[in-house]
Amino acid sequence: MSIKDWYANQTGREQFIVAATAVVAIGAGIYMLLIDPLTTGIADRSASIEAQQKNLAWMQQQSAIVKRSGGSGGGGTARQPMPQAPYLLLDGAIREKKIAEPERVTPDGTQGARAQISDVEFDKLLEVLGSLDARYGLSITTMNVSKKTEGLVNARFSLEVEQ
């Protein structure tokens, strides 16, 4: 016996109940498979855009701070000769500023240094890097920064003496 035959053998009331159940099941399936994922996706993307806009505004604010503090480097000030290797200067400057202990500070050739530091205040890190650039000409060649929480970042960067 097929479903069609079974349905035809039911009373009018039972046929109505089966048809209503089928309509509800189809409606629920359409909602769960199409409508809910679309609305959830739109809400998630909206939240992501808002978070990115907040991060952009924060970065622009920090950029203004760097520009005010002369963070572009080389502004005509006489540079001092390096008394130590670049990685030692970097390590000393980080410790002098009393910011987070660096996870790693290593030499990068004879005129450079690499560092990795976690949970550091972004403003203070920029002050350290700016002072090294202004004093000794140690410029950032590469830098990866990821925001940890408001004001704290994880950073990996390389410095090299400007030639």
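Reader: Is Q62 buried or exposed?

Author: Q62 is buried, because its relative accessible area is 5%. Buried means under 20% relative accessible area, exposed means over 50%, and partly exposed lies in between, with a 1.4 Å probe and protein chains only. This is a predicted model, in which local features need pLDDT of at least 70 and side-chain atom pairs count only at pLDDT 80 or more, while totals for chains, interfaces and linings use all residues. Residues are numbered from 1 along each chain as its sequence is written, and side-chain values use heavy atoms, with hydrogens and water left out.

Reader: Which helix does Q62 lie in, and what is Q62 in contact with?

Author: Q62 lies in helix α2, residues 12–68. Leaving aside neighbours within four places in sequence, Q62 is in contact with F122 and D123. Contact means heavy atoms within 4.5 Å.

Reader: How many helices and strands does the protein have?

Author: There are four helices and four strands, and along the sequence they follow the pattern α-α-α-β-β-α-β-β. Helices (H or I, at least four residues) and strands (E, at least two) are DSSP runs, numbered from the N terminus.

Reader: What about the overall dimensions?

Author: The C-alpha trace spans about 100 × 30 × 30 Å along its principal axes. The radius of gyration of the protein is 31 Å, whereas a compact globule of 163 residues would have one near 15 Å. That radius is taken over C-alpha atoms, and the globule rule is 2.2 Å times the number of residues to the power 0.38.

Reader: How much of the protein do buried residues make up?

Author: Buried residues make up 21% of the 163 residues. The protein exposes about 11,200 Å², of which carbon and sulfur atoms supply 57%. Those areas come from the Shrake-Rupley method with a 1.4 Å probe; for residues, only the protein chains shown count as cover.

Reader: And contacts across the sequence?

Author: Of the contacts with a separation of 6 or more, 55% are between residues 24 or more positions apart.

Reader: Core next. Which residues of the largest nonpolar core touch the most other members?

Author: L90, I117, L132, F157 and L159 do, in a core of 23 residues. At least two core residues come from each of α3 (86–96), β2 (112–121), α4 (122–136) and β4 (152–161). The largest share, six residues, is from α4. A nonpolar core here is a set of buried Ala, Val, Leu, Ile, Met, Phe, Trp, Tyr and Cys residues joined through side-chain atoms within 4.5 Å. In soluble globular proteins, nonpolar side chains tend to be buried together.

Reader: What does L132 touch?

Author: Not counting residues up to four places away in sequence, L132 touches L89, L90, A93, G137, L138 and L159.

Reader: Which residues of α3 are buried, and what do they pack against?

Author: The buried residues of α3 are P86, L89, L90, D91, A93 and I94. They pack against β1 (104–107), β2, α4, β3 and β4.

Reader: What follows α3?

Author: K98 does, and its phi is positive, near 55°.

Reader: Now charges. How many salt bridges are there?

Author: The count comes to seven, where a salt bridge is a side-chain nitrogen of Lys or Arg within 4 Å of a carboxyl oxygen of Asp or Glu. One of them joins K148 and D119, with the closest N and O atoms 3.8 Å apart. K148 lies in strand β3 (residues 138–149) and D119 in strand β2, so the pair ties together parts that are 29 residues apart in sequence. K148 is partly exposed at 47%, and D119 is partly exposed at 40%.
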